[in-house]
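I opened this notebook to record what I looked up about the fold and how its parts pack. The entries go from the whole chain to single contacts.

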Amino acid sequence: MSRLKERFVSLLHQKNVVTDQLAVLEQKTGMKREYLIFGVLGFIALYLLFGYGASLLCNLIGFVYPAYFSIKAIESDNKTDDTQWLTYWVVYGVFTIAEAFSDIFLFWFPFYYAGKCVFLIWCMAPVKWNGSDILYTQVIRPFFLKHQATMDTVVNDLTTKAKSLTETVTKDELGTWSNSQKDPYLV
């Protein structure tokens, strides 16, 4: 446990924007930055358990950090981090779709948003037992590979129908527009 605490403290003393702000707060309040962080984390945990708008806070936690690191991954030359964050977004998308259908029931469970937040943090955690990697390799990828041909057919059919529809609508609208633009005195 002391090793974990040492890693946590060393993380809080690394040089970056957040730790610079923590240093200023530490100096102004006279409290150690570890206690400041524990206070903020405690407040967030209590808010997720009992606060109004816990859904928004949970969705921000599940979106902001991964979005930031996804942008950094896109801009880096390393492709391993691209795969990590693409995997996260696939799992996040599947979870969001599943949640959309079950949210009316799940939201009544006590501490649902705290559990959802823990799940999303597990999915984005930079560890070997990362949740998005486990869920992707154990559940999503096998399902996708089993049904890939069917999904490809459905996507191709929908793409063809969408193109046909847009061409038809565009032709009809351009024809209607060009007829309305004619000068009645020149005809």
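The entries below concern a predicted model.

**Entry 1, the whole chain.** I began with the secondary structure, which comes to seven helices and zero strands, so that the elements read α-α-α-α-α-α-α from the N terminus on. I then looked up the radius of gyration, which is 25 Å for the chain, well over the 16 Å that the globule rule gives for 187 residues, and I therefore noted the chain as more spread out than a compact globule. The C-alpha trace spans about 85 × 50 × 45 Å along its principal axes.

**Entry 2, helix 2.** I checked the length of helix 2, residues 17-29, against its residue count: at 1.5 Å a residue its 13 residues should span 18 Å, and the end C-alpha atoms are 18 Å apart, which agrees. Just after helix 2 I found glycine 30 with a positive phi of about 80 degrees.

For each pair I took down an angle and a distance, because two packed helices are described by the angle between their axes and the distance between the axes. The axes of helix 1 (residues 2-12) and helix 3 come within 10 Å and cross at roughly 95 degrees, which makes helix 1 roughly perpendicular to helix 3, since 65 to 115 degrees counts as such. Phe8, Val9 and Leu12 of helix 1 make the contact with Arg33, Glu34, Ile37 and Phe38 of helix 3, and by class I listed five nonpolar, no polar and two charged residues.

Helix 3 (residues 33-50) packs on helix 4 (residues 54-75) at an angle of about 130 degrees, with the axes 8 Å apart, and that makes helix 3 oblique to helix 4. I noted the crossing as left-handed. From helix 3, Ile44, Tyr47 and Leu48 meet Ala54, Leu57, Cys58 and Ile61 in helix 4, a contact whose residues divide into seven nonpolar, no polar and no charged.

Which way does helix 4 lie to helix 6, roughly parallel or roughly antiparallel? The axes of helix 4 and helix 6 (residues 112-124) come within 9 Å and cross at roughly 5 degrees, which makes helix 4 roughly parallel to helix 6. The residues of helix 4 that meet helix 6 include Ala54, Cys58, Ile61 and Tyr65, and those of helix 6 include Tyr113, Lys116, Leu120 and Met124. I recorded the classes of this contact as ten nonpolar, three polar and one charged.

Methods: Residues are numbered from 1 along each chain as its sequence is written. This is a predicted model: local features need pLDDT of at least 70, side-chain atom pairs count only at pLDDT 80 or more; totals for chains, interfaces and linings use all residues. Side-chain values use heavy atoms; hydrogens and water are left out. Helices (H or I, at least four residues) and strands (E, at least two) are DSSP runs, numbered from the N terminus. The expected span of a helix is 1.5 Å times one less than its number of residues. Axes are lines fitted to C-alpha atoms, for helices over the stretch in contact, and angles run from 0 to 180 degrees between N-to-C directions. Angles under 35 degrees count as roughly parallel, over 145 as roughly antiparallel, 65 to 115 as roughly perpendicular and the rest as oblique. A crossing is left-handed if the near helix is turned anticlockwise from the far one by less than a right angle, and right-handed if clockwise. Contact means heavy atoms within 4.5 Å. Ala, Val, Leu, Ile, Met, Phe, Trp, Tyr, Cys and Pro count as nonpolar, Asp, Glu, Lys and Arg as charged, and the others, Gly among them, as polar. The radius of gyration is taken over C-alpha atoms; the globule rule is 2.2 Å times the number of residues to the power 0.38.
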